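This report goes through the side-chain packing of one protein chain. Please look at the sequence and the model before reading on.

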Amino acid sequence: EAKCYNPITLEEKNNLRKEFNIDLDTLIFIQLGRSQLRKLYPQTIESFILFKKKYPNVKSKLLLHCSISEGWPFERLIKEGRLDIKDVLFTYFCRNCGKWELKPFEGEEKDCRYCKAQKAQISAGVTSTISNKEMSKIYGVADACVSCFTSGGFEFLNAESLLCELPLLCTNYSA
């Protein structure tokens with residue numbers, strides 16, 4: 001529902017970044033997807049690597065909202081790109097309590113820091129219970145949205161990020 005996607009306040013953004021140990025002056029790019037083959041996660045990571053090389057003095061992170069376990073070799077891509085593992089964040093949610101957080105790659109089935117359930121926290125994929133209203137907060141933590149998809153129409157990511165008033169970085173012939 002479009003009415004669920006709205007920008008968050010600067011205070012809310014700063015509070016969320018503090019909760020997830022993200023410096024307030026860090027530039028965050030977000031990409032959201034369901035990990036389908038047409039989603040270009042490797043190209044997004046490559047683009048982020050190029051950005052980091054071109055602007056080495058800019059504190060920046062890439063936030064990927066997708067399932068780690070759906071086949072993408074994220075850990076390998078991050079290592080091959082010589083990125084600091086802490087510079088690529090993922091959305092994790094707890095299957096027990098439903099709370100979510102943003103943190104660097106840790107694999108799947110981690111212990112939840114909120115309810116302490118063991119192996120209950122996984123990356124956000126199609127089984128995620130994160131609501132659209134909570135998704136607005138996830139978008140709100142970011143500073144810009146990356147949509148390098150080349151095979152689709154107007155993706156949900158594009159619409160949702162624009163409703164949250166994020167700048168949208170996209171190819172010139174998609175969406």
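## Charges over rings

A charge sits over a ring if NZ of Lys or CZ of Arg is within 6 Å of the ring centre and within 35 degrees of the ring normal. The model discussed here is predicted. In it, K99 lies over the face of Y114, 5.4 Å from the ring centre. K103 is placed over the face of Y92, and here the distance to the ring centre is 4.8 Å.

## Nonpolar cores

In soluble globular proteins, nonpolar side chains tend to be buried together. The largest nonpolar core of this model has 25 residues. I30, W100, I138 and Y139 are the residues with the most contacts inside that core. Two or more residues each come from β1 (27–32), β3 (88–94), β4 (100–104) and α4 (132–141). The element that gives the most is α4, with four residues. Apart from this core lies another, of 21 residues, and I45, L62, L77 and A144 are among them.

Which residues does Y139 touch, leaving aside its neighbours within four places in sequence? Y139 is in contact with Y5, I30, L32, L157, E160, S161, C164 and L166. One of these, I30, is also among the residues with the most contacts inside the largest core.

## Aromatic pairs

A pair of aromatic rings is described by the distance of the centres and the angle of the planes. The count for this model comes to eight aromatic pairs. One of them joins F29 and F48: the ring centres are 6.4 Å apart and the planes stand at 70°, so the pair is edge-to-face. Because F29 belongs to strand β1 and F48 to helix α2, this pair ties together parts that are 19 residues apart in sequence. F29 is buried, at 9% relative accessible area, and F48 is buried too, at 3%.

Another pair is formed by F74 and F90, whose ring centres are 5.1 Å apart with planes at 70°, so this pair is also edge-to-face. F74 is part of helix α3 (residues 74–80) and F90 is part of strand β3, so parts 16 residues apart in sequence are tied together. The relative accessible area of F74 is 1%, which means that F74 is buried. F90 counts as buried as well, at 0% relative accessibility. Ring pairs also link F29, F48, F51 and Y55 into a cluster.

## Cysteines

How many disulfides does the model contain? The count comes to zero. For C164, the closest cysteine sulfur is that of C145, at 9.5 Å. A disulfide needs two cysteine sulfur atoms within 2.5 Å, so the sulfur of C164 is too far from that of C145 for a bond.

C164 counts as buried, with 5% relative accessibility. C164 is also one of the residues in contact with Y139. C66 is buried, and its relative accessible area is 0%.

## A loop residue and its partner

L40 lies in the loop between β1 and α2 (41–54). Is L40 buried or exposed? The cut-off for buried is under 20% relative accessible area, and L40 has 19% relative accessibility, so L40 counts as buried.

L40 and C148 are 108 residues apart along the chain, and their C-alpha atoms are separated by 6.6 Å.

Terms used:
Residues numbered from 1 in each chain as written. Predicted model: local features only at pLDDT ≥ 70, side-chain atom pairs only at ≥ 80, totals over all residues. Heavy atoms only, no water. Core = buried A, V, L, I, M, F, W, Y, C linked by side-chain atoms within 4.5 Å. Buried < 20%, exposed > 50% of the residue type's maximum accessible area, 1.4 Å probe, protein only. Contact = heavy atoms within 4.5 Å. Phe/Tyr/Trp six-rings, centres within 6.5 Å; stacked < 30°, edge-to-face > 60°.
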